[in-house]
Amino acid sequence: MSHTEFEAVTFNELVGEEIIELILQKAPTKVLSRVTNAILHVEKAKKLKDIDVEMASIRFIAAEEELVVAIFEWLKLNKEKMPQHAELVKSYKNHQVKLMFVPVLLLMRSVLWHCVCPVPGSNEHNIKFWPKYDNGKVVIVLKLPFTEATFALNPFSVFISSADDASENEVVESLLAELEDEVKIKYGVTLKQFIRERAEFRNTLLYAGDAMSVNYVVDYNEISSTCYNAYEALLWSLAALLTNDPIAPNFGAVSQFIAIYKKVLLDSKVIKIKE
C-alpha cells in the first residue's frame, strides 16, 4: 500500500507533517511497512471509540508495538553502526520485549539533562531539551539556564554521565535504579511486576482467562493519551535514527539506552541472551 492512500492524522498532530514525511521518504521498506501499519492501527482505533473501546485499545497497543519493531528493523539493517544491538533485536516477536521499550525510552528522555557538564544552579527543571527538524536532520536542542542561547546536538553524541565520575556500568546501574524507583512510586509495583502487568493487560483484552471471557473496563481517553505519548517519543527516535550516524559504535545515549533496556529484560527474565 502506498502511504499516499491514507492520512497519518494523529502522527502528524504529534510530531508534525514534516517529520512524518521524512520518515515515510527515508525509511527502508521493512521499516516503512511497520510505520504504515502503525498509522492504520491508530486511525482505525479512533473510529472504534464509541463502538468497541477494547478493540480500539488493542489497536492502540499494536501501533506502539509496530513502531518499536520499526526501530528494531532499522537496527537490524545497520548492525555495523550499532553492533551491540544485534542479539537484542532477535526478540522482537516477544510482546513483553516490545512493551517495555517505551518506559525505558521515556526514562532516558527524563534524565537527558545529566549529559550536560555541571553548571552552577542547573537541574532537571531549568535545563531544557527538545527534538527539532533542522536542515534535513533531527537534532536535540539544548537550552542552558540563565541564557537564551540554544545548541543543536547530534542525538548520537549525547552521553549521560555522572558528576562523581562513575564508570559506564555504574551509570547504567544508576539509571536502572531510577527507573525502578519511578515505577514503584508511580504504579506501586516492582519493575518485574510492571513488565508482566503491561503485557498481561494486552493479553487480557485479546484472550479469555481460564476459558472465560473477561469484562475489562477500559478508559479510552486514558489509554489513547498514554499511547500518544509513546508514539511521540518513538516517532522522534525513529526520525533521529534515519537522519543521523553515531560518532562511533558503542558510544552515546543510544548505547546507554540499549544497555539499560537489555538489563531490564534480562533481570526480569523476559529474555535470555548469551553474553
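Thr10 sits in helix H1, which spans residues 9-15; helices here are DSSP runs of H or I with at least four residues, strands are E runs of at least two, and both are numbered from the N terminus. The model is predicted, so local features need pLDDT of at least 70 and side-chain atom pairs count only at pLDDT 80 or more, while totals for chains, interfaces and linings use all residues. Residues are numbered from 1 along each chain as its sequence is written, and side-chain values use heavy atoms, leaving out hydrogens and water.

With a relative accessibility of 2%, Thr10 counts as buried (under 20% relative accessible area, with a 1.4 Å probe and protein chains only). Setting aside residues up to four places away in sequence, Thr10 touches Val42, Glu43, Lys46 and Tyr228 (contact being heavy atoms within 4.5 Å).

Turning to the strands, S1 (residues 128-134) and S2 (residues 137-143) run antiparallel and are joined by 7 bridges; strands pair if DSSP finds at least two bridges between them. Lys132 stands opposite Val139 in S2. The two strands form a hairpin with 2 residues between them, and Asn135 in the turn has a positive phi of about 55°.

The lining of the largest pocket comprises 29 residues, with Tyr187, Phe194, Arg198, Glu222 and Thr226 nearest its centre. At least two lining residues come from each of helices H4 (53-77), H6 (101-110), H7 (168-187), H8 (191-206) and H9 (220-243).

Technical notes. On a 1 Å grid over the protein atoms alone, a cavity is a set of points where a 1.4 Å probe fits but cannot get out, and a pocket is an open set with protein on both sides within 12 Å along at least five of seven lines; lining residues have an atom within 4 Å of a point. Buried means under 20% relative accessible area, exposed over 50%, partly exposed in between (1.4 Å probe, protein chains only).
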